[in-house]
Amino acid sequence: MTPLEENPFHPGYDTDGDHGLVARAVDGSKDALRELVARHQPFVYNLSLKMCGRREDAEDLTQEVFVKVITSLRTFRAESAFRTWLYQLTVNHLLKSRRRGMEVLVDDFQTYFARIAAVPDEAMTPQELRDAASTVEELRIRCTTGMLMCLDREQRITYVLGELFGVDHQLGGELLEISPGNFRVRLSRARKDLYSWMNQRCGLVNAANPCRCDKKTRGYVRSGAVDPKHLVFNTDYVDRIEALTRSGSSEVIDTVEQLHQRVFLEHPLQVSRSKVVDEILRNDTLRTFFSI
């Protein structure tokens, strides 16, 4: 498969392959179960990460989702795509789970941007900027992830699915169990709320705004919020989100909306540090359930 066809939301995705793996897994194949989890784990993990903003919590959420999915496999009917069934379950779990990670640290856009503005600006020399490039990028991803947390959960998951993962309105409506029209409206409102505040405060999308990641980096490092020796966001990834979810990532940006979107499409598609598949398959409930 091409990189885009590895994206479960892409029209070219091999849904028949999922159905075969489900059938074999239900019959007791540990290898099929492992392959099924490994195939979908990156998207469940990255969606979880975008919902909570903290790796450890995203790993916990991923395991919780797959325990639910696997123990319910025998109820899956192949009349529909497995990915739709799996991601509906994922979305429901993420919307109903307790608040955690960055969610509990961020209140709203006004408070969030006020905290950023309170961090003093400190300019760097060109050499210092080169030396601190990874740390500045760490802050950029951390800060814009925090912006996502300012959206309520329904807006956030709609934005991540529609704007970052490239889910169309029809599939988005199915995943959230709303009409395609309602998905479109919800996505439009999420964009409006997020982009309005970014236009007012963020220098990444509006050059008239004074806030710059490189000028805030020293302040965040000094406070301990960012540790150059232990990066959290700018680490453990093999590509950017746009590489897997967009076919024309190199197109010229010709609208303000595309500029805002690109800020988030350039986030890493991150790899879980823990061996999620192995930990899921070691779960005592699943071992008994599937006799593995």
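Colleague: At which residue does helix α2 (residues 30-52) bend?

Modeller: This is a predicted model. In α2, which spans residues 30-52, a proline, P42, follows the bend within four residues. The bend comes to about 45°, and its position is Q41.

Colleague: Which residue follows α2?

Modeller: The phi of the residue in question is positive, near 75°. The residue that comes after α2 is G53.

Colleague: Is α4 parallel or oblique to α9?

Modeller: Helix α4 covers residues 82-96 and helix α9 covers residues 169-176, with their axes 8 Å apart. The two pack at an angle of about 55°. Angles of 65 to 115 degrees count as roughly perpendicular and those under 35 degrees as roughly parallel. The angle therefore makes the relation of α4 to α9 oblique.

Colleague: How many residues of the contact of α4 with α9 are nonpolar?

Modeller: From α4 come R83, T84, Y87, Q88, V91 and L95, and from α9 come L171, E174, L175 and L176. Two residues of this contact are polar and two are charged. The nonpolar count is six.

Colleague: Is α7 parallel or perpendicular to α11?

Modeller: Helix α11 is made of residues 213-223, and its axis and that of α7 are 9 Å apart. They pack at an angle of about 95°. That angle is why α7 stands to α11 as roughly perpendicular.

Colleague: How many residues in the contact of α7 with α11 are charged?

Modeller: α7 contributes T135, V136, L139, R140 and R142, while α11 contributes C213, D214, K216, T217, Y220 and V221. By class, five residues are nonpolar and two are polar. The charged residues number four.

Colleague: Which helix supplies the largest share of the lining of the largest pocket?

Modeller: The largest pocket has a volume of about 460 Å³ and is lined by 22 residues. Helices α3 (55-71), α5 (109-118) and α7 (133-149) each supply at least two residues of that lining. The largest share is three residues, and it comes from α5.

Colleague: How much space lies in the largest cavity?

Modeller: A search of the whole structure finds one cavity of 30 Å³ or more. The largest cavity is lined by M51, C52, L61, L94, S97, R98, R100, E103 and R153. That lining has four nonpolar, one polar and four charged residues. The space in the largest cavity is about 40 Å³.

Terms used
Residues are numbered from 1 along each chain as its sequence is written. This is a predicted model: local features need pLDDT of at least 70, side-chain atom pairs count only at pLDDT 80 or more; totals for chains, interfaces and linings use all residues. Side-chain values use heavy atoms; hydrogens and water are left out. Axes are lines fitted to C-alpha atoms, for helices over the stretch in contact, and angles run from 0 to 180 degrees between N-to-C directions. Angles under 35 degrees count as roughly parallel, over 145 as roughly antiparallel, 65 to 115 as roughly perpendicular and the rest as oblique. Contact means heavy atoms within 4.5 Å. Ala, Val, Leu, Ile, Met, Phe, Trp, Tyr, Cys and Pro count as nonpolar, Asp, Glu, Lys and Arg as charged, and the others, Gly among them, as polar. The bend at a residue is the angle between axes fitted to the seven residues ending there and the seven starting there. On a 1 Å grid over the protein atoms alone, a cavity is a set of points where a 1.4 Å probe fits but cannot get out, and a pocket is an open set with protein on both sides within 12 Å along at least five of seven lines; lining residues have an atom within 4 Å of a point. Grid points are joined across faces, edges and corners, and a volume is the space filled by probe spheres set on the points.
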